[in-house]
Amino acid sequence: TLGLPRLIEIVDARKIPSTPTMTVFLDDRHRTSKEKAEEVATLLTHTTLGDISSSIESDITRMRISVKLDTAAMRERSVIMKDIKTAVQIHRGEVKIEKDEIEITTQEMDIAQFRRLESRIAGMHVKGIPAVRRALVMEENHEWIIRTEGSNLELALTTPGVDPTRTISNNMHEVAAVLGIEAARNVIVKEAKAVLEEQGLDVDIRHVML
């Protein structure tokens, strides 16, 4: 969101911006290499079971769900079998994982409960930060950084490879909760100034600060 809609969002101090995003800076070990930056990006990006599956089939007569894993997608998102075993936990059922297939057999479920489970399978959280839908690696000022679609500053700051002293979100309420009110004040000034400059308006920063 740019221009007047974003300025209104900032001045109104909206709880959730229409396009929450983070600028993630990396530590000394990861900022100089695109490959290392991409490793951090995969840790940040939310991956669900549906993202790494080629097919999900259900057999209502046997109360069974079969998930065929996409090994190429797993490699791309750096997902290992241990991640899947941790993620796929069924309260009333048995989970069997063999090679690239998951078989879920339910126990003591009626049809409505089975249908609810079936609809939940694709959205099961495997790894990453649930709020971060995408993470884009780019080079800026001779270092690699990550820009995200979606924001969760608290979890991003604890991700290995992230520089917690420079990483920031455009969500002022999130910044206030995680880093304090002065940091949120700086975000308001920075975001408002960026919107005005993007529109080619040269407004003295003292007006924005006031």
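**Exercise 1. Surroundings of Thr48**

Leaving aside neighbours within four places in sequence, which residues is Thr48 in contact with?

*Solution.* Note at the start that this is a predicted model.

Step 1. Thr48 belongs to strand S2, residues 47-48.

Step 2. List the contacts. With neighbours within four places in sequence set aside, Thr48 is in contact with Ala122, Gly123, Met124 and Val126.

Step 3. Classify the exposure. The relative accessible area of Thr48 is 13%. Buried means under 20%. Thr48 is therefore buried.

**Exercise 2. Surroundings of Thr159**

Locate Thr159, state whether Thr159 is buried or exposed, and list what Thr159 touches.

*Solution.* 

Step 1. Find the element. Thr159 sits in the loop between helix H6 (153-157) and S10.

Step 2. Thr159 has a relative accessible area of 11%. That value is under the 20% limit for buried, so Thr159 counts as buried.

Step 3. List the contacts. Not counting residues up to four places away in sequence, Thr159 touches Leu43, Leu44 and Ile129.

Step 4. Thr159 and Ala41 are 118 residues apart in sequence. Their C-alpha to C-alpha distance is 9.9 Å.

**Exercise 3. The sheet with S1**

Give the strand order of the open sheet that contains S1, then find its edges and the bridges made by S1.

*Solution.* 

Step 1. Write the order. Four strands form this open sheet, in the order S8-S9-S1-S10, with antiparallel pairing.

Step 2. S8 and S10 are the edge strands, and each pairs on one side only.

Step 3. Take S1 with S9. These strands pair in the antiparallel sense over four bridges. Thr23 has Arg147 in S9 as its bridge partner.

Step 4. Take S1 with S10. Two bridges join these antiparallel strands. Here Met22 stands opposite Ser169 in S10.

**Exercise 4. The largest pocket**

Describe the largest pocket by volume, lining and contributing elements.

*Solution.* 

Step 1. State the volume. The largest pocket holds about 430 Å³ of space.

Step 2. Count the lining. There are 20 lining residues. Thr21, Thr23, Arg147, Asn170 and Glu191 lie nearest the centre of the pocket.

Step 3. Assign the elements. Strand S1 (21-24), strand S9 (143-149), strand S10 (168-169) and helix H8 (181-198) each supply at least two lining residues. H8 gives the most, with four residues.

Step 4. Sort by class. The lining has seven nonpolar, seven polar and six charged residues.

Step 5. Link to Exercise 3. Thr23 and Arg147, both among the residues nearest the pocket centre, are bridge partners.

**Exercise 5. The second largest pocket**

What volume does the second largest pocket have, and which residues line the second largest pocket?

*Solution.* 

Step 1. State the volume. It is about 300 Å³.

Step 2. Name the lining. The residues include Glu38, Ala41, Thr42, Glu76, Arg77, Arg133 and Arg134.

Step 3. Assign the elements. Helix H2 (34-44) and strand S8 (134-140) each supply at least two lining residues. S8 has the largest share, four residues.

Step 4. Sort by class. The lining divides into four nonpolar, three polar and five charged residues.

**Exercise 6. The largest cavity**

Which residues line the largest cavity?

*Solution.* 

Step 1. State the volume. The largest cavity has about 30 Å³.

Step 2. Name the lining. It consists of Arg6, Glu9, Arg14, Pro17, Asn170, Asn171 and Met172.

Step 3. Sort by class. Two of these residues are nonpolar, two polar and three charged.

How values were computed:
Residues numbered from 1 in each chain as written. Predicted model: local features only at pLDDT ≥ 70, side-chain atom pairs only at ≥ 80, totals over all residues. Heavy atoms only, no water. 1 Å grid on protein atoms, 1.4 Å probe; cavity = no way out; pocket = protein on both sides within 12 Å on 5 of 7 lines; lining within 4 Å. Points joined across faces, edges and corners; volume = space filled by probe spheres on them. Nonpolar A, V, L, I, M, F, W, Y, C, P; charged D, E, K, R; others polar. Buried < 20%, exposed > 50% of the residue type's maximum accessible area, 1.4 Å probe, protein only. Contact = heavy atoms within 4.5 Å. Pairing = 2+ DSSP bridges.
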